[in-house]
Amino acid sequence: HRNFIIAGCFNITKEAELFSLIKHCSLYKAPLPPTYPVSNPKKYFSGVLYDNSISVSASNVIYESISDHLPIVVDCELRREIR
């Protein structure tokens, strides 16, 4: 069994564009507010997807201007029964 975390800028215009990937790979999406553009975030370009071997306890956006996207942080751990 492999553990999967996919994180990054997906450059999508709608979150629905990820639904096929999420369904096909049995993934979950960490809840995050919009991350783009930094000056007035309204688009959900950045994200974190993960499988059921991973437990996510928190996901947040860091409101700092480091690039054209707001950075994200996700607190996660492997589930005990799958380790």
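Predicted model: local features only at pLDDT ≥ 70, side-chain atom pairs only at ≥ 80, totals over all residues.

Reply: Residues are numbered from 1 along each chain as its sequence is written, and side-chain values use heavy atoms, with hydrogens and water left out.

Me: What makes strand 3 largely enclosed by the rest of the structure?

Reply: A residue is buried under 20% relative accessible area, exposed over 50% and partly exposed in between (1.4 Å probe, protein chains only). Five of the five residues of strand 3 (residues 46-50) are buried, so the strand is largely enclosed. Strands here are DSSP runs of E with at least two residues, and helices are runs of H or I with at least four, numbered from the N terminus.

Me: Why are strand 1 and strand 2 called edge strands?

Reply: Two strands pair if DSSP finds at least two bridges between them. Five bridges join strand 1 (residues 5-9) to strand 3, and two bridges join strand 2 (residues 28-29) to strand 3. The three strands form an open antiparallel sheet in the order 1-3-2. Strand 1 and strand 2 each pair on one side only, and they are therefore the edge strands.

Me: Which residues of strand 3 stand opposite I5, I6 and Y28?

Reply: The bridge partner of I5 is Y50, and I6 stands opposite L49. Y28 also stands opposite Y50.

Me: How do you know that C9 is in no disulfide?

Reply: A disulfide is a pair of cysteine sulfur atoms within 2.5 Å. The structure holds zero disulfides. For C9, the nearest cysteine sulfur is that of C25, 19 Å away, so C9 is in no disulfide. C76 is likewise in no disulfide, because the nearest cysteine sulfur, again that of C25, is 18 Å away. C9 counts as partly exposed because its relative accessibility is 37%, and C76 counts as partly exposed at 34%.

Me: Why is the pair of Y36 and F45 called stacked?

Reply: Rings of Phe, Tyr and Trp (its six-membered ring) pair if their centres lie within 6.5 Å; planes under 30 degrees apart count as stacked, over 60 as edge-to-face and the rest as tilted. By this rule there are two aromatic pairs. One of them joins Y36 and F45, at 4.9 Å centre to centre with 25° between the planes, so the pair is stacked. Y36 counts as partly exposed at 24% relative accessibility, whereas F45, at 11%, counts as buried.

Me: What makes H69 count as buried, and which residues is H69 in contact with?

Reply: H69 has 14% relative accessibility, and therefore counts as buried. This residue is found in the loop between strand 4 (54-61) and strand 5 (72-78). Contact means heavy atoms within 4.5 Å. Leaving aside neighbours within four places in sequence, H69 is in contact with C9, T35, Y36, V38, F45 and S46.
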